Amino acid sequence: MRTADFDFSLPPELIAQEPAPVREDSRLLVLRRDPAGLEHRRFRDLLSYLRAGDLLVLNNSRVIPARLRASNARTGGRFEVLLLEENGPNDWWVMLRPGKRARVHTELQFHNAQGALEPLRARVVETNAEGHRRLVFSGTPNLLDELERLGEVPLPPYINRPDLGVTDSDRARYQTVFAEPPGSVAAPTAGLHFTHELLKQIHSLGVEVQFVTLHVGLGTFAPVKAATLAEHVMHEERFVLSEATAGAINEAKRRGGRVVAVGTTTLRVLETVTALHGGTLAAGVGRTRLFIFPPHDFRIVDALLTNFHLPRSTLLMLVSAFAAPRKMVGRERILAAYAEAVRERYRFFSYGDAMLIL
């Protein structure tokens, strides 16, 4: 398939710049696969689509304040540093802007929000084919301990904060209410709509709730640059599937319950592990670079709750596959649903509205 087949037009004003005032007040577009149909609801109406015996699986990775400000220790030239992945304590792959000025052996010094220099420093020790830099930090026992004080929420570039920068509200709202292990540099956005109260109501329906952990990387939201999907090299992300979650999913499938994945990240973990173990789930820690696009046979996930995704993104390709498993018509179904969402003025991307595919 061609990457250009997954393009669509979106009025800029529909790119959500702020979250809904109340998380569960977001809108919900329900796409039914068989028989095909669309329904316009509110996110809190998710309760009416769940039933006793279902299992809801969410990604509980916590977004870290991954954006830092630095300067060249020799020349004073300024850099924006975006943490990508931890190799070990004080050893990270990062994206540096402007990257061309950060050659191997460049020494960086870091600044706080007021622009004052901090004891934190780093040295560029390696570059990779994607243009990312590997930094070794010093001046702290562990960089993670400094991030809440020095780091900024890594909002995606389509969310504009030109004057005030990232707000206190962003720190709270670009994070799920159930986030626990730190490691993501982008939010698992489908989970942003949930409140503790809504999760309690879901429990009261007889729906079980379990969690996986996938630390979301920037590649999740990047557009595919290759001309065809077959040429695309998928980014890699770390995941953890616990014994409790694997056992609960296997039991739900055994008794005929539906597995509802909250977010494409959750779905990728479950389908990755299923592929590794021949149709059942086993607990484990690993890395996935699973690229899902039409046609795809989904073995575990029965329903998907997700946000509206960027043109030409791997996420749009994944939901297109899920809209019509084992068939090639999912792209047309999703693009038609997106066109309807545009007509109805739904809000798109990370802070936007949600879609439920049943």
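Modeller: Before we start, two residues are in contact when they have heavy atoms within 4.5 Å of each other, and helices (H or I, at least four residues) and strands (E, at least two) are DSSP runs, numbered from the N terminus. The model is predicted, so local features need pLDDT of at least 70 and side-chain atom pairs count only at pLDDT 80 or more, whereas totals for chains, interfaces and linings use all residues. Residues are numbered from 1 along each chain as its sequence is written, and side-chain values use heavy atoms, with hydrogens and water left out.

Biologist: Then let me begin with helix H6 (residues 314-323): how many of its residues are buried, and what covers them?

Modeller: A residue is called buried under 20% relative accessible area, exposed over 50%, and partly exposed in between, with a 1.4 Å probe and protein chains only. In H6, 10 of the 10 residues are buried, so the helix is largely enclosed by the rest of the structure. The cover includes strand S1 (27-33), H5, S16, helix H7 (330-343) and strand S17 (354-357).

Biologist: What span should helix H5 (residues 264-276) have, and how many of its residues are buried?

Modeller: The expected span is 1.5 Å times one less than the number of residues. For the 13 residues of H5 this gives 18 Å, and the end C-alpha atoms are 18 Å apart, which agrees. H5 is also mostly covered, with 11 of its 13 residues buried, among them Leu267, Arg268 and Glu271. Just after H5, Gly278 takes a positive phi of about 70 degrees.

Biologist: What is the strand order of the open sheet?

Modeller: Two strands pair if DSSP finds at least two bridges between them. Here nine strands follow the order S2-S1-S17-S16-S14-S3-S12-S13-S15, with mixed pairing. At the edges lie strand S2 (36-42) and strand S15 (284-288), each of which pairs on one side only.

Biologist: In which sense does S12 run against S3 and against S13?

Modeller: S3 and S12 are parallel, paired over five bridges, with Val57 standing opposite Gln210 in S12. S12 and S13, by contrast, run antiparallel and are joined by two bridges, and the bridge partner of Thr213 in S13 is Val240. Five of the seven residues of S12 are buried, so this strand is largely enclosed by the rest of the structure. Elsewhere in the sheet, three bridges join strand S14 (residues 259-262) to strand S16 (residues 303-307), and these two run parallel, Val260 standing opposite Ala303 in S16.
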